[in-house]
Amino acid sequence: MAKKWYVLHTYSGYENKVKQNLETRIETMGLENNVFDIQIPMETVTEIRDGGRRVESDKKVFPGYVLVRMELDDRSWAAVRNTPGVTGFVGSQASPAPLTREEYNKIMKRTDRQAPRKTSTDLEVGQTIKVVSGPLAEFDGIVSEVSPETNKVKVMVSIFGRETPVELSFDQVARI
């Protein structure tokens, strides 16, 4: 039987506990030759907080899911399926669907330390902000577009009585 990656659905927020419970069950039930690896895909995200302060943190790529590399047989399926916090396998309950090599590689590529970092912000369209740096510092504006991929925000700023769209980086604006 082949070793394949399967996706487990867990209660959200219980991923680390499920991994810990699985490791304990594998050891106590003697399944080391059936279950080989357990992964919780994580990526580093840079968050922009008030005042443009950057904070890096690790976030789960897929909250509520855990990857397990295993040889699927009745015994290993039952042990994993009945682990506290696991709600089931992804796929049909009768026969869980393994990930393809391409799917697994795509998921794990996001967790690579060399992968492009994501930026997250609490800015929302329609929100009033203050420009804190650059030539428009001290102007107020309204967010019209947020682009986390490029770390940019489009803001409508009133210049000489006219609404003018301005593209700024996340660290140039602050919430009011």
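## Starting with burial

A residue is called buried when its relative accessible area is under 20%, exposed when that value is over 50%, and partly exposed in between, using a 1.4 Å probe and protein chains only. By that rule W5 is buried, with a relative accessible area of 8%.

## About this model

You are looking at a predicted model, where local features need pLDDT of at least 70, side-chain atom pairs count only at pLDDT 80 or more, and totals for chains, interfaces and linings use all residues. Residues are numbered from 1 along each chain as its sequence is written, and side-chain values use heavy atoms, with hydrogens and water left out.

Here pLDDT is the predictor's confidence in each residue, from 0 to 100. The protein has an average pLDDT of 86, and 92% of its residues score at least 70. Helices (H or I, at least four residues) and strands (E, at least two) are DSSP runs, numbered from the N terminus. Of these elements, helix 1 (residues 15-28) has the highest mean pLDDT, 95, while strand 7 (residues 118-121) has the lowest, 61.

## Rings that meet

Rings of Phe, Tyr and Trp (its six-membered ring) pair if their centres lie within 6.5 Å; planes under 30 degrees apart count as stacked, over 60 as edge-to-face and the rest as tilted. Searching the whole structure gives three aromatic pairs. One of them is stacked, because the rings of W5 and Y104 have centres 4.5 Å apart and planes at 15 degrees. W5 sits in strand 1 (residues 4-10) and Y104 in helix 3 (residues 101-109), so this pair ties together parts that are 99 residues apart in sequence. Y104 is buried too, with a relative accessible area of 12%.

Y6 and F89 also pair: their ring centres are 6.1 Å apart and their planes are at 85 degrees, so they are edge-to-face. Since Y6 belongs to strand 1 and F89 to strand 6 (residues 86-89), the pair ties together parts 83 residues apart in sequence. Both Y6 and F89 are buried.

Two strands pair if DSSP finds at least two bridges between them. Five strands make an open sheet in the order 11-10-9-8-12, with antiparallel pairing. Strand 11 (162-169) and strand 12 (173-175) stand at the edges with a single partner strand each, so one side of each has no neighbour in the sheet.

Strand 8 (residues 128-131) runs antiparallel to strand 12, and three bridges join them. Look for I129, which stands opposite R175 in strand 12.
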